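Hi,

Here is the structure I promised to send over. Have a look at it first, and then read on for what turned up.

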Amino acid sequence: MAELASIGSYRSGKGSQPAARRFWKLRYHQRIKLWGLAFVLPTLVFFAVFKYGPMLWAIELSFNSYDMVSAPHIIGLDNYRMLAGDPIFRETLLNTFVYIGGSTILVTVTGLALALAINTGIPGARYCMTAMFLTNLMPIIAVCLVWRLLLHPYGVVNQILQLVGFGRIDWLTNAATAMPAIIMVTVWRFAPYFMVVFLAALLALPKDYYEAAQLDGAGPLQRFYHVTLPLLMPTIFFVVVVSALLSARIFLMPFLITGGGPGNATRVLSQLIYETGFSYLKMGQAAAISVVLFAIMLVFTTLQIRLFSRSERIYL
Amino acid sequence: MASLDVNLRARPRLRRHLVAFRKGAGLVLLASLAVAFVIPILWMTVMSFQAGEKMFELRTEWIPRVWHFENYSNALSHAPFAQYFLNSGIVSLAVMVGNVVFCTLAGYGLAKFRFPGSGLVLLLILSTLMLPLEVTLVPTFLVIHKFEWINTYQGIVAPLLIDAFGVFLMRQAMISIPKDYIEAARIDGAGELRILLQIILPQCVPALSVLAIFAFRDSWDQYLWPLTVVSVDDLRTFPLGLVQFGEDYGNPPTEQMAIAVLATIPVFLLFAVLQRSINRGFGLSGLK
């Protein structure tokens, strides 16, 4: 009993302890806090060196002219002024927004539709899900090479279109269809991933809402519109933000499928950064484009962090 | 709808048939949807066995009349793909291990410890989501240049080593583990690292699997960064090699497809191994 009592007073930290023990206890808790910091520290140092440092450097570089050969020299806002007057930059910026908007909407809608189809409880739905998810695991380089050939004038896409009675479309060499084609490939690649995210959310929805709705005589469409959709709103918002963030940084799909063309029709900011920096060695101007892309991503990230701080579930 | 249900309740056999029909129709619809998604993967695989001239025929020959298995050996001998795949493997495994180790550590530190500034640290880590390599490309290249890591493995691996998504994923997986486990282990005299390894980690295997496969896939996929930091052939990863291979004159696209198939296999294999645990990580265990 005496031992228990002493443990109790030790645990509750009441004043009867000797000073030495209190000192030890203080150190014990501080030591644990230090461990917490030690666990986080490698990641913090890493991000300081490879994320924050470079971004600050990019901001500084964007006010300089730098070609990797001679030392950088300050030119003030000239890089930004040049960008503002450059029709190619303006077109690229517009392309980026079209791409972000188009693929975000279509990826979200398709992902949700696929998840609803799988969630109907049809036997074998699980295998269909796995099959579709494979598109998300295929190396993106293979995705680009395969789709470039599928979208060829005589490729499989046109064969299917002709089968259904449409004419042949020169997907990748026509300025009007090149961007939609790339958005289509994006949907094919990313919708199954968001399907899984939506499916996880659907499976977690409380069943009794549906039973209550059915008792009240709500049909499938009404149940979707009045029960599923409102409950799914946080997930939809999450998917919209994440896919916008994903498409804002897209590089490989336009770069490998169309090379940014025809003309400038599918060039996006990340490709312009690469070309300006490493093909034309205009590091300062590339940094200025980086700052613009950063500003776009800042908007989506702010939204995302707000979501993250509220969400309880695991998403990647 | 309701009246139909009442009628059917009176006629159980018809109802059973109707339910079976609906399920069958649904399955056919869903299966054709799945096939539509899988067609490009199938096409890639079929073409990797096709004769070069069959690739641009007006009607795709979906079952090759002659199977050209030599596409694979030819592709492998036309360019040093063994070396490229080895490079990709080294880089991807290093990135995967780095993410698993550091995201676990940081996730644990953020989930189960409160130290001064821990909220700020979480915010700092999450805000790196707006700084992907595509944005910081130029200065990251200059940082690696300063380290004199251009054309080295560490130069390719370093900027990919930790991803904020992984940290957040691990934090979310650990945050719901009751603190009592940790306290009890501490009273039993376990060190902090041992608590993490023996008590926390076994409970986050699903999240770890999700983290592992996405970290592996993302670095296996990585094209822009190796393109920027590698200029010697010995260090090229397979995406660089494959694009170069396609641009070099005279290499048939069928051989490109063969390499693409080979490149797809490791990711699919890793997924097959981890699949059960990945499904749990996503919260899909309730699915039929």
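Start with A:Phe198: setting aside its neighbours within four places in sequence, this residue is in contact with A:Gly111, A:Leu112, A:Ala115, A:Thr235 and A:Val239. Bear in mind that this is a predicted model.

A:Phe198 also turns up in the largest nonpolar core, which has 179 residues. It is one of the residues there that touch the most other members, along with A:Cys144, A:Val146, A:Met195, B:Val138, B:Leu211 and B:Ala260. Which helix gives the most to this core? That would be helix H8 of chain A (residues 175-203), with 19 residues. On the chain B side, domain 1 (2-70) and domain 2 (80-282) both give residues to the core, so it lies between them.

What about the two domains of chain B themselves? Their C-alpha centres lie 35 Å apart. As for direct contacts, seven residues of domain 1 of chain B are in contact with seven residues of domain 2 of chain B. The domain 1 side of that contact has three nonpolar and four polar residues, with no charged ones.

Now for the two chains: 87 residues of chain B are in contact with 83 residues of chain A. Helix H2 of chain B (residues 12-47) gives the most to chain B's side, with 13 residues. By class, that side has 64 nonpolar, 16 polar and seven charged residues.

Helix H6 of chain B (residues 137-146) is worth a look too. Seven of its 10 residues are buried, so the helix is mostly covered. The buried ones are B:Leu137, B:Val138, B:Pro139, B:Thr140, B:Phe141, B:Leu142 and B:Ile144. B:Val138 is the one you met above among the core residues that touch the most other members.

Most residues other than glycine have a negative phi. Just after H6 of chain B, though, B:Glu148 takes a positive phi of about 55 degrees. B:Asn151 has a positive phi as well, near 60 degrees, and sits in the loop between H6 and helix H7 (153-157) of chain B. Is B:Asn151 buried or partly exposed? Partly exposed, because 14 other C-beta atoms lie within 10 Å, whereas a buried residue would need 20 or more.

In chain A, A:Leu281 has a positive phi of about 50 degrees, although it is not a glycine. A:Leu281 lies in the loop between helix H12 (269-279) and helix H13 (283-310). This residue is partly exposed, with 13 other C-beta atoms within 10 Å.

Cheers

Key. Residues numbered from 1 in each chain as written. Chains lettered and ligands numbered in written order. Predicted model: local features only at pLDDT ≥ 70, side-chain atom pairs only at ≥ 80, totals over all residues. Helix = DSSP H or I, 4+ residues; strand = E, 2+ residues; numbered from the N terminus. Nonpolar A, V, L, I, M, F, W, Y, C, P; charged D, E, K, R; others polar. Buried ≥ 20, exposed ≤ 12 C-beta atoms within 10 Å, placed from the backbone. Core = buried A, V, L, I, M, F, W, Y, C linked by C-beta atoms within 7 Å. Domains from an automatic or database assignment.
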